[in-house]
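Please look over the model below before reading on.

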Amino acid sequence: MSTPHNNAKLEDIAKTVLMPGDPLRAKYIAETYLENPVCFNTVRNMFGYTGTYKGVRVTVMGSGMGMPSIGIYSYELFKFYNVENIIRIGSAGAYKENVKLFDVIVCDKAYSESNYAYVFNLYDKHTIEPSKLINSKIKEVSEDLNMPVKFGCVHSSDVFYHENSSFMEGVKENDCVCVEMESYALFANAKALNKNAACILTISDSLVTHQETTAEERQTSFNEMMKLALETAIRL
């Protein structure tokens, strides 16, 4: 089988998928961490690979940027490829001074001003939670690895460049620790389809201190997040 955006066969994709936004990050993860990775998708250069990690089949596939993009890819994986779990692994901008570059953030709630969920299935709340199952596994793994992580509310924005600051009202009200552009839509899809989704982020820049990582660092240097996601995937 295939979809307009994915030329994989049903058996090509594992039950648990890691989803970085950048397809080149998916390629890096597959080539660095997976044993015998096989590329199953190149449509629109949205690379997807399946291999094994410590003997367990795991898939990694890019989602693209923004809620419409991850909305398409995650929906197809859940609906047409029988995927049960998706863990988004992405970059984020810090909203708080105590959140530093390369800190690992685990989303325990996503806030968005977006109407994605309402248009998708008439869900009318602007906050949505990830899977408690996956988040409990992430916490367990982080403790086993002695890896420091921060749990918090994440702002999923529809807009990267803003012309005014009115959006910050909801950010402050929900005490968001950082901003990204995908998790709210991923969680909405999972909720509607009775699947599991979570989001692990690495801080790539700070909206407080204005420090930032390079494009190459964002592609290849978020290894703690990648290891945390992979170790979680094999426990699901």
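What follows describes the overall build and then the cysteines.

This is a predicted model, in which local features need pLDDT of at least 70 and side-chain atom pairs count only at pLDDT 80 or more, while totals for chains, interfaces and linings use all residues. Residues are numbered from 1 along each chain as its sequence is written, and side-chain values use heavy atoms, with hydrogens and water left out.

The protein contains 8 helices and 10 strands, where helices (H or I, at least four residues) and strands (E, at least two) are DSSP runs numbered from the N terminus. Its radius of gyration is 16 Å, close to the 18 Å that the globule rule gives for 236 residues, so the protein is as compact as a globular protein of that length; the radius is taken over C-alpha atoms, and the rule is 2.2 Å times the number of residues to the power 0.38. Of the 236 residues, 52% count as buried, that is, under 20% relative accessible area with a 1.4 Å probe and protein chains only.

The structure holds 0 disulfides, a disulfide being a pair of cysteine sulfur atoms within 2.5 Å. The sulfur of C107 is too far for a bond from the closest cysteine sulfur, in C199, and C176 is likewise in no disulfide, with the sulfur of C153 nearest.

Notes
Buried means under 20% relative accessible area, exposed over 50%, partly exposed in between (1.4 Å probe, protein chains only).
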